[in-house]
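Dear colleague,

Please find below the structure that I am handing over to you, followed by an account of what was found in it.

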Number of protein chains: 2
Amino acid sequence: VNKTLKHVPGSVTAPRGFRAAGVFCDIKRLGTGKGSDKGPKRDLALIVSDVPAAVAGMFTTNQVCAAPVKVCLERVQTQTAQAIVANSGNANACTGQQGLKDARAMTTLAARHLGWSAAQVLVASTGRIGVPLPMANIERGIAAAATQLGATPEHAAQAAEAIMTSDTRPKQIAVEFKLGGKAVRLGGICKGAGMIQPGMSRTGQRPATRAPHATMLAFLTTDAAIEPALLQCLVQDAVARSFNRITVDGDMSTNDTVLVLANGLAGNPLLRADPTHDTAETPLDVLCFGDALDYVCLELAHMILRDGEGVTRFVTVRVTGARSATDAEAAARAVANSALVKTSWFGGDPNWGRIIDALGYSPAKVVESKVDIGYSAPRGRRILYSLKRGQPTAATFQQLCQAVAAKEFELRINLNLGRADAVIYAADLTEDYVAFNKGDVSDPAALGG
Amino acid sequence: VNKTLKHVPGSVTAPRGFRAAGVFCDIKRLGTGKGSDKGPKRDLALIVSDVPAAVAGMFTTNQVCAAPVKVCLERVQTQTAQAIVANSGNANACTGQQGLKDARAMTTLAARHLGWSAAQVLVASTGRIGVPLPMANIERGIAAAATQLGATPEHAAQAAEAIMTSDTRPKQIAVEFKLGGKAVRLGGICKGAGMIQPGMSRTGQRPATRAPHATMLAFLTTDAAIEPALLQCLVQDAVARSFNRITVDGDMSTNDTVLVLANGLAGNPLLRADPTHDTAETPLDVLCFGDALDYVCLELAHMILRDGEGVTRFVTVRVTGARSATDAEAAARAVANSALVKTSWFGGDPNWGRIIDALGYSPAKVVESKVDIGYSAPRGRRILYSLKRGQPTAATFQQLCQAVAAKEFELRINLNLGRADAVIYAADLTEDYVAFNKGDVSDPAALGG
């Protein structure tokens, strides 16, 4: 943990001037919904800022993108927003013109209750693909959420619950740090579980390199004062290092969305991209804010991975010595998405044969006689090599088994061909993942997108 | 089935002048080996032609390729060969200089027993990666196999058994057809099961497009008289349409090999690539031989898929209307290798949302509002659409469930953007696949490559 960051409760409501709510409006129309003692699981979230906020967003690069993503892509152009309305249980994807109309209607309904313009409201959905949104339920939900808005940690937790789909637990974080002598807070909630290898970009257009995939949603709030263009820039970097580096199953969703609202109520000197600004300390502040953003995004991304469908192991695949950054990422992703490598992790089997096989068929340049493969603890310095320059080391099978028996470990691969590196956070492939996703065709309503 | 082809027994020994043997020499050094009432499973195969034969080969494009593949790549340059020696239980991959020495030694040992030069012998291995071959066992095995060679179907079946790894059954075929009035036979054996998405080329160099992966081995024999260059050409085409179009788990092996021996003993007029040859009927004969080769390769490839690890469903993914052939293949492979699509097949869930999601993140150009998705029986004409131009059809969930309940069906995808098409033969992803591949770390000898 960054020493300048202090964890605080309340996630999205931790920063000044933010309120949230999460309600149940039966979006899956199951009658009751799956729930605990506290009632059915909430399925509609509302997050609002008391004042207009700078906004930044990152969106799925899937060519088949959901209606709410299309609406957000337009709205973030204005650089300000004041609310996010989000639902689980229905992705509003592959729903055609009606879907677009419904996504816009969600923002209009929220705006009406809040007394603002619909253009100030962003929208996100996650759940089943290809089913029209039940708008009567949505309308009821938005009305209820608007009246229940509050700034307590309990309100934030309810919003976190409301965006969950196959997640087994809500995912939340908030930190506090100083900018120009002022206490600033940054909080966030997210959801993931399956269809997780996000590959988001600012425009929804694909970058040159192949990127990741699940429905993951993340909503961040901060009371920092920051120019929207700088915020977008920092969010892009943070997402590239966090959400876009996780993979549960290699499937990229139609709905992946990260939204960040910055309302400036902390009163810090405005963080600006302009290099000719007049206060000397601003560059350090920008760095500091960027670090906090990186930290929060990475923590949230890791929560998604740890709670992935059926996941029992969290493996950091670290590739060094690649000829290029593209090669490094391609090599790491080939290993991280190999069904055989992932099942061997599940079994606690230190099978380097499958790893070097995946490296060999990756698009990255690989020379068998140069490859090192080893294991370390997370961020550990000591590496136990199973392969050095393509040859098995003296490490015993028992030692290697011990290294991969840990619930979280790093796979260290050195291609020894260059200076580029990449990291991908990966999960194992388990019988539970298959059992969960094979679905239950006797209950079509339970089948997710 | 091609009406001009007649199935005959005997697989690799069906053509004139070929003999085979399969023996047990305990390559895994388990002491006994896993076996049936008939004794432990055979693990070393020898296939020989009585006279020198034209040879053609296709080899894994994995950059990490096994020693026997390297040896074959050299040897097929000479365009003739007379024997194939192959073992299961050990892939002789990632075994460095010793591995190369051992692979060459296998050919020398076989040549010595057969009384030929080692240059006339080809070699293949499949099994665990990174373990030196037990050469004493191999030597014993080759000696035994050389004395047990025979031309009966039983001999061919023993060779087919000897190359099996996680296969549950031997895979064999032979056909007879006429060339220039002469009866010609073509037979083959193969093995597959896991690490199956082969992407083979003649040189082991990668083609421009991304290609497939398991260890799969296939050995074909024919008594047709054919020029080696033409044979290589036809084999490349046949492999491109068969073995290179199957995927069990998306993992390409270090050892994939197809070898074809043509000894000419059928006495047909020599099939030649030269378009200025003097017999008018040869072009038709070339076509006829090519068709037989296509048929045998596709049948063997389908046997591999049906017997893939944990496989319960065989799905032909047929993409039409793509902008280019590259796009068509990329779209088909994205769907065929999506963990979410494959688990839904296992569950009998006609989840088109996951299919269009995979199309959307594939490198192929896809426009949501143009996509058709439907189902048919294998090679069926009637298509039941679940999606037309991006919109759900009136087909009921029950109708769609029925379409995907079949053990074998076709997924018909029309991108409606162009005229290119592609087909990929895919398998579902099951709990049994995961259970099988997670391995048993208490028994390292059982862990496969």
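In chain B, strand 15 (residues 372–376) and strand 18 (residues 408–414) pair in the antiparallel sense, with five bridges between them. Please bear in mind throughout that the model is predicted.

The two strands belong to an open sheet of seven strands in chain B, ordered 12-19-14-18-15-16-17, with mixed pairing. Its edges are strand 12 (246–247) and strand 17 (391–392) of chain B; each has a single partner strand, so one side of each is left without a neighbour in the sheet. Helix 8 (residues 339–347) of chain B packs on this sheet, where it touches strand 12, strand 14 (314–322), strand 18 and strand 19 (420–427) of chain B. The direction of helix 8 makes about 60° with that of strand 19 of chain B.

Chain A also has an open sheet of seven strands, in the order 12-19-14-18-15-16-17 and with mixed pairing. Strand 12 (246–247) and strand 17 (391–392) of chain A stand at the edges with a single partner strand each, so one side of each lacks a neighbour in the sheet. Within the sheet of chain A, strand 15 (residues 372–376) and strand 16 (residues 384–388) run antiparallel and are joined by three bridges. Here Gly374(A) has Tyr385(A), in strand 16 of chain A, as its bridge partner.

Two helices of chain A that pack on its sheet deserve mention. Helix 7 (residues 325–336) of chain A touches strand 12, strand 14 (314–322), strand 18 (408–414) and strand 19 (420–427) of chain A, and its direction makes about 20° with that of strand 19. Helix 10 (residues 397–405) of chain A touches strand 15, strand 16 and strand 18 of chain A, and its direction makes about 120° with that of strand 16.

I turn now to the interface. Chain A and chain B each contribute 62 residues to the contact. Between them the chains bury about 4900 Å², of which 56% is on carbon and sulfur atoms. On the side of chain A, the greatest losses of area to chain B fall on Gln63(A), Tyr361(A) and Glu368(A), which together account for 13% of what that side buries.

Across the interface of chain A and chain B there are 18 residue pairs in polar contact. At least two residues each of the side of chain A that touches chain B come from helix 8 (339–346), helix 9 (352–361), strand 17, helix 10 and helix 11 (431–437) of chain A. Helix 9 of chain A supplies the largest share of that side, eight residues. By class, the side of chain A that touches chain B comprises 26 nonpolar, 24 polar and 12 charged residues.

One salt bridge is formed by the side chains of Glu368(A) and Lys70(B), at 3.7 Å, N to O. Another is formed by the side chains of Glu368(B) and Lys70(A), again at 3.7 Å, N to O. Glu368(B) lies in the loop between helix 9 (352–361) and strand 15 of chain B, and Lys70(A) lies in helix 1 (residues 67–75) of chain A, so this pair joins two chains.

With kind regards

Conventions
Residues numbered from 1 in each chain as written. Chains lettered and ligands numbered in written order. Predicted model: local features only at pLDDT ≥ 70, side-chain atom pairs only at ≥ 80, totals over all residues. Heavy atoms only, no water. Pairing = 2+ DSSP bridges. Helix = DSSP H or I, 4+ residues; strand = E, 2+ residues; numbered from the N terminus. Contact = heavy atoms within 4.5 Å. Axes fitted to C-alpha atoms, helices over the stretch in contact; angles between N-to-C directions. Buried area = accessible area lost by both parts, 1.4 Å probe. Salt bridge = Lys/Arg side-chain N within 4 Å of Asp/Glu carboxyl O. Polar contact = N/O pair within 3.5 Å; in protein donor to acceptor, adjacent residues only side chain to side chain. Nonpolar A, V, L, I, M, F, W, Y, C, P; charged D, E, K, R; others polar.
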